[in-house]
There are 2 protein chains.
Amino acid sequence: MARAALSRDAVVEIALGLVDDEGERGLTLSAVAGRAGVATPSLYKHVRNLAELRELVSIRIMNELADEAGAAVLGRSGDEAVRALMRSWRTYVVRHPRRYSAMLQVPHPGLAEAGSRLLGIVLAALRAYGLGDSGAIHAARCLRAAMHGFSVLEAEGAFGLPEKLDESYDLLIDMLTSGLGTD
Amino acid sequence: MARAALSRDAVVEIALGLVDDEGERGLTLSAVAGRAGVATPSLYKHVRNLAELRELVSIRIMNELADEAGAAVLGRSGDEAVRALMRSWRTYVVRHPRRYSAMLQVPHPGLAEAGSRLLGIVLAALRAYGLGDSGAIHAARCLRAAMHGFSVLEAEGAFGLPEKLDESYDLLIDMLTSGLGTD
DNA sequence: CTAGAAGGCTAATACCATTAGCCAACCGCG
DNA sequence: CGCGGTTGGCTAATGGTATTAGCCTTCTAG
């Protein structure tokens with residue numbers, strides 16, 4: 001290889017920083033090149049095009065989220081597991097709101113794989129309820145929808161005051177766990 | 001006024017058609033101008049810039065959704081109202097997936113107003129539960145988050161097979177209404 | 001009938017992604 | 001040690017986009 005220089009991963013890393021600092025709209029090839037101290041076309045040696053970079057960023061973010069959610073669920077079961085899953089999910093969003101928003105953009109393929117990893121974690125959290133195969137899928141979809149919806153709305157500032165959001169989320173957790181228990 | 005010509009509303013209408021046909025990424029000023037049979041800069045006589053057009057489109061869509069949800073809730077109360085609200089919401093999304101996706105983009109101000117209209121409708125659906133002011137807000141946030149999350153995931157094709165999504169959504173409705181009742 | 005505004009146009013600018021083609025540096029090999 | 005190929009940078013050029021400036025026509029109000 002020639003000059004030590006950039007790598008594919010380094011480009012993705014810079015892109016992530018850009019998303020954190022300026023939001024997903026700030027993710028532009030020339031901005032990445034600027035931060036890397038390189039001319040724009042040089043990036044094409046590491047990344048096929050902007051769409052691929054966006055996809056790589058999304059996948060990276062979804063995997064981060066899955067890592068944290070997976071760790072939270074580990075060693076717990078039942079309501080405890082669901083609670084931990086939901087809390088860790090929201091914690092990630094609160095900590096990295098712009099990343100979470102960026103992950104949503106452009107539902108290209110490739111995200112599907114990372115998505116199914118997340119699904120597996122949600123299913124693991126549900127294991128103790130003894131739902132059938134099909135029931136578990138339905139329940140997982142509901143959990144994911146609820147967590148995702150709350151996250152999107154919070155990350156985009158669609159809720160009014162940020163205070164008391166914790167209470168709202170606790171209520172959502174209670175509604176869902178009680179719904180699961182009495183199913 | 002000069003030549004009969006375009007109006008602000010007509011421009012928004014064309015933009016909506018574009019969103020329906022090509023998705024939110026197809027909403028470009030030159031595409032709108034093309035459909036209107038006009039040169040691109042002429043649009044600036046009706047709309048301040050692309051950002052404003054996007055905002056107008058989003059508001060229009062959110063109001064459409066609010067109209068349908070409001071009509072669904074009208075004359076019902078309690079679990080029936082919540083069920084009707086949730087069903088009408090998803091019905092809109094299934095009917096206009098691209099519009100719903102487009103509404104999410106760019107959470108500019110101005111959407112807040114249309115959003116509070118929606119909030120009012122959700123609160124109306126919850127009236128019969130006799131929740132306190134604060135409790136109703138929390139419950140409304142949960143409902144909205146759940147509906148929104150499911151809608152986003154469905155509109156983006158994030159769930160696997162489209163079949164049996166009805167069952168999943170019914171489960172979500174049951175979980176939430178039972179959570180509200182036993183609160 | 002006339003003045004002015006409304007709404008169209010062309011031309012020009014700036015920014016972006018993307019492609020093509022060139023050049024230098026580094027690597028491994030003999 | 002040197003040499004060739006690959007790797008990773010560059011500049012130049014293209015095309016699409018939004019946006020601004022300034023002109024010109026046409027309708028309408030008075």
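Student: What should I know before reading the numbers?

Tutor: This is a predicted model, in which local features need pLDDT of at least 70 and side-chain atom pairs count only at pLDDT 80 or more, while totals for chains, interfaces and linings use all residues. Residues are numbered from 1 along each chain as its sequence is written, chains are lettered from A and ligands numbered from 1 in the order in which they are written, and side-chain values use heavy atoms, with hydrogens and water left out.

Student: What makes a residue of chain A count as in contact with chain B, and how many do?

Tutor: Contact means heavy atoms within 4.5 Å. On that rule, 33 residues of chain A are in contact with 33 residues of chain B. The same surface serves both copies, as 100% of the contact residues of chain A recur in chain B.

Student: How much area is buried between chain A and chain B?

Tutor: Buried area is the accessible area (1.4 Å probe) that two parts lose on being put together, summed over both. Here that is about 3,000 Å², with carbon and sulfur atoms giving 64%. A:His138, A:Arg141 and A:Met175 supply 22% of the area that chain A buries against chain B, more than any other three residues.

Student: Why is the pairing of A:Asp20 and A:Arg99 called a salt bridge?

Tutor: The term needs a side-chain nitrogen of Lys or Arg within 4 Å of a carboxyl oxygen of Asp or Glu. The side chains of A:Asp20 and A:Arg99 meet at 2.6 Å, N to O, so the pair qualifies. Across the interface of domain 1 and domain 2 of chain A the rule finds one salt bridge, and across that of chain A and chain B it finds zero.

Student: Where do those domains lie in chain A, and how far apart are their centres?

Tutor: Domain 1 covers 1–47 and domain 2 covers 62–181, with bounds from an automatic or database domain assignment. Their centres, taken over C-alpha atoms, are 30 Å apart.
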